[in-house]
Amino acid sequence: MLDSKTITMIIEGVGETMWMTCMSTLFGYIIGLPLGVVLTVTGADGIKQNPLVYKILDVITNLLRSVPFLILMITIRPLTRLIVGKSYGATATIVPLTVAAAPYIARMVESSLKEVDRGVIEAAQSMGASVWEIIRKVLIPEGRTSLVVNATIAMTTILGYSAMSGACAGGGLGDIALRYGYQRWQPKVLMVTVVLLVILAQLIQMIGMFISRVIDRRRV
């Protein structure tokens, strides 16, 4: 059986993991949502095409997405230290998680908005709607179900990244699994952390899918 100290540590690890995941998702969307909108608007089929802007953002997004998370986490440690004051722990890990999540989220947003019926967009344009009005009143509302589904996928991906951050003293369940479950060979601790990560991922998935279904019903 796990002792009370280990149980307390695991409970704190769950809290740290959710803190990292939720905050990174929030900051990731603060950066990624506008970026995804700009990519959609300036793209080949966008309502305000701008090949130069799209190409620059496209290259930056692809470059950031192509860097493995652990390498990214190590590479931007000076930036993490500058922002947070240290490069280890749960709060510090939010910085590389956000940097890794933002371009991924931007692509998910772009994908969601491109699913919006072109006829609806053209109807708004024919009525003289501005670019901002089309974004705010057509693209976002019409793509909201897909946006919620993709946000759920993004959040579960970030949860997985937060677990990987344990390899670099990132805190949370990943750190506990590595330091206690693997390095000190405590299989019970390792198993518990794995089960908890699976449960958290399933909860995020269930909540996200529920919200998307509610939104769909309201549209109908």
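In this predicted model, helices α1 and α6 (118–126) each supply at least two residues to the lining of the second largest pocket. The volume of this pocket is about 170 Å³. Its lining is made up of T40, V41, G43, D45, G46, I47, L113, K114, V116, R118, I121 and L139. Sorted by class, these residues comprise 6 nonpolar, 3 polar and 3 charged.

The largest pocket holds about 260 Å³ of space. It is lined by 16 residues, and F27, I31, V95, T98 and V99 are the closest to its centre. Helix α5 provides the largest share, with 7 residues. The class make-up of the lining is 13 nonpolar and 3 polar residues. No charged residue takes part in the lining of the largest pocket.

Attention now turns to the surface. A nonpolar patch is formed there by M191, V195, I199, L203, M206, I207, F210 and I211. Together, these residues have about 770 Å² of accessible area. One of them, V195, sits in helix α10, which spans residues 187–219. The relative accessibility of V195 is 40%. Buried means under 20% and exposed means over 50%, with partly exposed in between. V195 therefore counts as partly exposed.

Conventions: Residues are numbered from 1 along each chain as its sequence is written. This is a predicted model: local features need pLDDT of at least 70, side-chain atom pairs count only at pLDDT 80 or more; totals for chains, interfaces and linings use all residues. Side-chain values use heavy atoms; hydrogens and water are left out. Patches are made of residues with over 30% relative accessible area and no salt bridge: like charges are joined within 9 Å, nonpolar side chains (Val, Leu, Ile, Met, Phe, Trp, Tyr) within 5 Å. Accessible areas come from the Shrake-Rupley method with a 1.4 Å probe; for residues, only the protein chains shown count as cover. A salt bridge is a side-chain nitrogen of Lys or Arg within 4 Å of a carboxyl oxygen of Asp or Glu. Helices (H or I, at least four residues) and strands (E, at least two) are DSSP runs, numbered from the N terminus. Buried means under 20% relative accessible area, exposed over 50%, partly exposed in between (1.4 Å probe, protein chains only). On a 1 Å grid over the protein atoms alone, a cavity is a set of points where a 1.4 Å probe fits but cannot get out, and a pocket is an open set with protein on both sides within 12 Å along at least five of seven lines; lining residues have an atom within 4 Å of a point. Grid points are joined across faces, edges and corners, and a volume is the space filled by probe spheres set on the points. Ala, Val, Leu, Ile, Met, Phe, Trp, Tyr, Cys and Pro count as nonpolar, Asp, Glu, Lys and Arg as charged, and the others, Gly among them, as polar.
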